[in-house]
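Visitor: Please show me the structure. I would like to ask about its rings and one of its pockets.

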Amino acid sequence: MVCVLRGREFRQQYHEHRLQQSMRGYAAQRLPGILREREFALGTLNKVFASQWLNHRQVVCGTKCNTLFVVDVMTGKITRIPMLKDREPGCALLDQQGCGIHAIELNPSRSLLATGGDNPNSLAVYRLPTLDPVCVGDEGHKDWIFSIAWISDTMAVSGSRDGSMGLWEVSEEVLSRAERQRDAAGVPTYSHIAHRALKDIPKEYTNPYNCKVRALAFNNNNKELGAVSLDGYFHLWKAEQSLCKLQSMKLPHCKENVCLAYGQEWSVYAVGSQAHVSFLDPRQPPNNVKSVFSRERGSGIRSVSFYEHIITVGTGQGSLLFYDIRAQRFLEDPSGVGCGHKGRLGDGILKLSTGNGWLNHDETWRSYFSDISSFPNAVYTHCYDTSGTKLFVAGGPLCSGLHGNYAGLWS
């Protein structure tokens, strides 16, 4: 009798799980066609490069002007977060105008946040939900950090423009020290940690000066870390207590490879390039890589993410596209005609276009761009909340010389 009852309970739980999974998939399929935009005013901040949801109403963002802030999506209020400085301030005297914060990542338990420091070469770690400082990883990279991936609750990997990957551990000792330490005014202080390992990506295949680590994505099931470099290569590493190289492969579309995501359910990496999204399964031969054309030439894929079976693609032209990995095609516009910021792309493909944002009419704009009526805002970052019903989108003008910003909530 006990076995019968347990079997019945297991079958009921299994069916409930399948039903929930089916409903999430249905919602992911239908949601993009009904999303509507609400823009946020970010003042004079320059280009939002990174974002992550902290909870159901707060998103933390990082900008090109090296500003870390939290936006409340209910009120639009912006709160700036103090940047964490190196042990030796002289190390951060390099020109930061073209850099800023390119990565923000939360650990699996959502108790720690890793991003760039006041010196963009350094890793800064904050405690959640308070955003109190924990530590700075300095004296590792010699150039800007472009990407970060947590490989456990206490270990993170940073990918740098200098072609290296740093492994950092936030130990219990560091966490305890951060809880205890306060300055004379009672403000939390932080520690300085050294990297546990520092590995260069392979440079034997190409020009070593173009081997810049641009994006990272972690496969938790296999404990493997994917890395994309600007020379058009994908590198796979075993990432546990150390970093051990497994393989490297040339990407089929090797221009402007600046974003990477891993789909756990599908066991594939999605790599964005100048005009394509390529899907890589490291278990398959390199010639089995499938690529899809974004239908927007030249502007580049700037952000990519998985949610259920839908891959969301943000482009340099300010578009959001949605690719169904099961059907192997982009979602179609359910209305059949464009309206407002929703429109058709090519053969009826659903495309959401970002709003106007803010653009600084400075000397650069007056000298070179004043005769152009409007500029699309590149989608440098986007992220879904835990419910999958809200999509935060942010970025700014694609041209490096232009100063501006865009942020909006699509729901």
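Guide: A residue counts as buried under 20% relative accessible area. Keep in mind that the model is predicted.

Visitor: Are Tyr262 and Tyr269 buried or exposed?
Guide: The cut-off for buried is under 20% relative accessible area. Both Tyr262 and Tyr269 are classed as buried.

Visitor: What kind of aromatic pair do Tyr262 and Tyr269 form?
Guide: Their ring centres are 4.6 Å apart, and the angle between the planes is 55°. Edge-to-face needs over 60 degrees and stacked needs under 30. The pair of Tyr262 and Tyr269 is therefore tilted.

Visitor: Which residues form one aromatic cluster with Tyr262?
Guide: Rings pair if their centres lie within 6.5 Å. The cluster that holds Tyr262 also holds Phe234 and Tyr269.

Visitor: Why is the pair of Trp144 and Phe146 edge-to-face?
Guide: Both residues are buried. Their ring centres are 6.5 Å apart. Planes over 60 degrees apart count as edge-to-face. The pair is edge-to-face because its planes are at 75°.

Visitor: Which residue lies over the face of Phe146?
Guide: For Arg, CZ must be within 6 Å of the ring centre. Over the face of Trp144, at 4.4 Å from the ring centre, lies Arg161. Over the face of Phe146, at 4.2 Å from the ring centre, lies Arg214.

Visitor: How many charged residues are in the lining of the second largest pocket?
Guide: This pocket has a volume of about 360 Å³. Its 22 lining residues include Asn356 and Phe375, which are among the closest to its centre. The lining has seven nonpolar and 13 polar residues, and the charged ones number two.

Note on methods
Residues numbered from 1 in each chain as written. Predicted model: local features only at pLDDT ≥ 70, side-chain atom pairs only at ≥ 80, totals over all residues. Heavy atoms only, no water. 1 Å grid on protein atoms, 1.4 Å probe; cavity = no way out; pocket = protein on both sides within 12 Å on 5 of 7 lines; lining within 4 Å. Points joined across faces, edges and corners; volume = space filled by probe spheres on them. Nonpolar A, V, L, I, M, F, W, Y, C, P; charged D, E, K, R; others polar. Phe/Tyr/Trp six-rings, centres within 6.5 Å; stacked < 30°, edge-to-face > 60°. Buried < 20%, exposed > 50% of the residue type's maximum accessible area, 1.4 Å probe, protein only. Lys NZ or Arg CZ within 6 Å of the ring centre and 35° of its normal.
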